[in-house]
Amino acid sequence: MEKSNQLSEEQIIQDLLPQKFGRRGMIWTAILILFCLVGAYAYYRQLRYGLVVTHMRDYVSWGIYISNFVFFVAISLVGSLITAIFRLAKVPWRTPLTRISEMIAISAITFAALIIIVDMGRPERLLNLFTHGRIQSPILWDVIVISTYFCISLFLLYVTLIPDIKIMMNVKDKITKPFHKIYRWLASFWKDQSDQEKIRDRIITILCITIIPVAFCIHTVTSWLFATTYRPGWDSTNFGAYFVSGAFLVGAGGVVVAMYAFRRAYKLERYITDMHFDKMGRMLVLLSLLYLYFNVNEYLIPAFKMKKSEASHLTQLFSGEYAPMFWFAILVGMIIPIFVLLFKKGRKPLPMFIVGIMVVVGAWFKRYLIVTPTLLHPLLPMQEVPESYHIYFPSWEEWSISLGSLAGALLIITILARYFPVISIFKTLEDEKEKSA
Amino acid sequence: MSCKCNKEEGCQNNNSRREFLLSGLAATMVAVGCSDKTSPFIPEETIALTGEKVKLLSVDGEVIEIDKAYLKPVPDITHLTNKQEREGMAGKKFVMVIDLSRCKNLKKCQSACNHAHQVHPGQNWVKVLSMDDADHSAPYWQPTTCMHCDEPPCVKVCPVDATFKRQDGIVLIDSNRCIGCRFCMAACPYTTRVFNWEDPIQAVVTDNSMPQENMDSKQHYSCETSLPQKKGTVGKCDFCPDMIRKGELPHCVSACPNGVFMFGDMNEDAVTNGAETYRFSDLIKDKAGYRLMEDLGTKPSVYYLPPVNRSFPFESGLENQLPADQMNHSK
Amino acid sequence: MKKKNQHNLVQLLLFGMLIFFFAGSNIVEAQEKSEPQPVKKYLTLKYFNVANRQQYLLLNAITKDDKGVSPQQNKKFSIYIDSNDPANLIATVTTNKMGAAKAFIPPVQKAIWDSSAKHIFLAETDMGTDDEQTQEIEIIKSKITIDTLNEDGVRSITAQVMKLENSEWVPAPEVELKIGIVRMGKILSAGDEPTYTTDSSGIATVELTKDSLPGDENGNYILAAKVEDNDELGNLFIEKTVNWGVPNQIDKTFFNQRTLWSTANRTPGWLLFAAYAIVIGVWGTLIYLIFQLLKIKRLGRVKVK
């Protein structure tokens, strides 16, 4: 237990209160906004000229938007992993991680929903999904389950925030003062009474139980968007578990990156300690091994049989034009992290941060590889089409929109962290009390 | 003597008319003579009658009356509601037979289809694929349309009923409904669907002082004609239900000079390429017809006759092949 | 199409140059080989007689060049009977987008029509323009009849073609015709041959070899005899409904199934149940929790009072 016992209540509150952006914070936010604006302009062009501004065509009819969507859905799963599973399993060191992972979940699921609208040829007909919805379609399942997950995540974030907001209202600090009206609206009813606390505790427990199956659903249903087709590489019974395990990995990687970033930015070394990185490192090894296991299943077994429809797809991944990206994703996203994290030194904050980035970047490319190469290998030969239909590399509009969406997700996290504590003050105080008792 | 019998009176009910016919040859002549129809193949209920009559001279020199609608070479069909278009033609089950032994990659099917449906340049609803199944097998040309599956994977995944299966077996798209998610394109194992990535070409075509019919199509969208094409929606071979209603054959069928395509109604057990008409069940039995990717369980409505006793050598079609596709042989 | 990026621009330019090069070389080749084929115009005129009553003329105008065949759209033609005297005008027609036009013989030409057994039909564009096209056909008035026979359980169809000669109906021998069952507007031959020829009495008889064909819901189908593009007689058509088919009920059970490919209002029951159970289960819980949250709120207010 590295955490010192001398931390006073005032000290904790002062440390964990949201802080004004410093110079770095300003630049960071400005960069994110800039990316978002470029993305917005690219989207304007797409609305105006149609999806022709993308490099998607009749064969590669889903491209970087969909892989980005899968990535967002995957990373949003982390909210349930850290908060719900750790809470139900009564993991004692979870407190500094839950809020961060909930914020990541909210922002990622928001942009998952947005990016799928961007992919639509007729976004103005979105309401057709509700007026003419067909429950037989996995898309509708995805719509239902993603909106449900969004609501639960928001609810969970809010319920866990209530006591913290109250604390912030009590602190007559100039940082939080301009927002007191909002805070009051959100949490003025909270009186720190035991009966209130009891109900709140119950709500959180029930939410944690509910969110786990819903979280499994969001990514399983997303995998079914692919697995319900006949395409080589998608036509797999393994897909749901494969996606969920991958989501846990990238989500945990994302949390590690965020932990490190917040620790540095808000000087939270006393709260997010080396111990936390160590524990998350062990987690990450386990999740990498799990995902690796599913990858072996997913690629080795079809490769053993080499069915005609799968063969060209698999050889393109293993040794063809997608081989560099494929092996990059496998090595950087799974193998290297496993080896680094096996060592105690590898689980120190900085190496963990780098490994976290590797996992997230590897995962992003993995999603790209799941979507695109498959579509280049239809069951009937790809003929009678213009040359541009045979290849896919995203256009600048696609890159801008995708990067813009990533920036947007980071912006939401940044803004949430600006106005709400990234570590639960209430829970930290509680933990401290327990410790001293 | 002018025959006053019109649709509202004597010949209104098809059944009663048929029974009447059975009573004898003389009666047949009278009854058929009374019918307004000049082309006996078009289902009467689909013709848009004007209500205005014109007088004309019969073979015997008698003056008879017919509806003005028949003055056109092909009478206009009645305006269908979206509901009618979605339900399809009762009692029909359309089927296509493609005879691979007759195809030499002329691509007349393709150009006729592209022209009729204003398909975007570079895209095709009908593709003629050069197929070569194995190392030592003989290559052949395979025209590929939408299979109009009885268990359509594309329809299964559509979230908004924008693509649907009709009672006559045709799978259509309602471009006024489609949200452009392209799930159907991923789901189709025959990759038959195309997407309108940009503004359709039809706007350009109408500018070139096309005849009036085309201008009309700009205003009214019909799932059966698939016109006008709409940006951001999916398109595909529609089996030309508008042509069927007019008593004609789909464009690819009538455009093929070699009679590769045969179209018909399973409930009539017959298919025709215009010049020849065969009993469907006999044809499939005698020539060992098959369907593509039977193992997927999609149950296509398109049957293929194997490329045996070919009318043309495979090589005769090579000149029409795109240079890029010579490298992309299927194997 | 808008330029995607710099990289593409270069590709496009290169590609453009290639196309230019190839196109250029092709043109040269073509010129070396032969003069470009001049545009040729073709006009066809056909006479139709349906059920010995309605008769009409169908005109078709196309052009042919090296690119292929295309219709002459929106073109005006005048159709005459016997001579191109204005008094003999049948109709002035305009071709549709397929290059086709249709004309009935109007009652005013009754005198001319009745005057002879043989007639000439003429179609022509406005004379004197550089776009002169004419076409004429000669037909003899004719009739076609169809009847059925049933001898010892063997069903046969007979068709007879008669033509008018010196104001007398005489049999038309050696006329090729299709006899069979109407299918998709075409004729499925009743026998084993695709076509049959009339004998000296103008009769062709076909034994029905296509057993148990499906008919309509009562087992009816339509028999037809059709003469196509006969040099003397034009096109003749007659039909007759018979009760020889297998009754074929309109079966919508397949279409009306509740399946995964059915429309939204025919969702399978199990799927609806599962979907509603899950949604109600989860959202029921959430709504319950929202009420719990409101309870917390109420508790807070009560204590303030």
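The expected span of a helix is 1.5 Å times one less than its number of residues. Helices (H or I, at least four residues) and strands (E, at least two) are DSSP runs, numbered from the N terminus. Keep both in mind for the first stop. You are looking at a predicted model, in which local features need pLDDT of at least 70 and side-chain atom pairs count only at pLDDT 80 or more, while totals for chains, interfaces and linings use all residues. Residues are numbered from 1 along each chain as its sequence is written, and chains are lettered from A and ligands numbered from 1 in the order in which they are written.

**Stop 1: a helix in chain A**

Select residues 239–266 of chain A, which form helix H10. Its 28 residues should span 40 Å at 1.5 Å a residue, and the end C-alpha atoms, 39 Å apart, agree with that. Now colour H10(A) by burial: 22 of its 28 residues are buried (20 or more other C-beta atoms within 10 Å of a residue's own, with C-beta atoms placed from the backbone). Step on to A:Lys267, which follows H10(A) and has a positive phi, near 55 degrees.

**Stop 2: A:Glu384**

Next, go to the loop between helix H14 (349–375) and helix H15 (396–419) of chain A, where A:Glu384 sits. A:Glu384 counts as buried because 22 other C-beta atoms lie within 10 Å. Which residues does A:Glu384 touch, not counting those up to four places away in sequence? They are B:Asn124, B:Lys127, B:Val128, B:Leu322 and B:Asp325. Here a contact means that the C-beta atoms of two residues, placed from the backbone, lie within 7 Å.

**Stop 3: where the chains meet**

Show chains A and B together: 39 residues of chain A are in contact with 43 residues of chain B. On the chain A side, helix H6 (128–131) and helix H7 (138–170) are the elements that give two or more residues. H7(A) gives the most, with three residues. By class, this side has 20 nonpolar, 11 polar and eight charged residues (Ala, Val, Leu, Ile, Met, Phe, Trp, Tyr, Cys and Pro are nonpolar, Asp, Glu, Lys and Arg charged, and the others, Gly among them, polar).

Then bring in chain C, where 53 residues are in contact with 50 residues of chain B. Select residues 25–34 of chain B to see helix H2, which supplies the largest share of the chain B side, five residues. That side has 22 nonpolar, 14 polar and 14 charged residues.

**Stop 4: chain C**

Chain C has four helices and 17 strands, and 32% of its 305 residues count as buried. Select domain 1 (40–140) and domain 2 (142–242), bounds that come from an automatic or database domain assignment. Their centres, taken over C-alpha atoms, are 27 Å apart. The contact takes 10 residues from domain 1 and 15 residues from domain 2. S1(C) gives the largest share of the domain 1 side, five residues.

**Last stop: confidence in chain B**

The mean for chain B is 82, and 79% of its residues reach 70 or more. Over residues 1–40 of chain B the pLDDT is below 50, as it is over residues 203–217 of chain B. Where pLDDT is low, the predicted coordinates should not be read in detail.

Definitions and conventions
Buried ≥ 20, exposed ≤ 12 C-beta atoms within 10 Å, placed from the backbone. pLDDT = per-residue confidence, 0-100.
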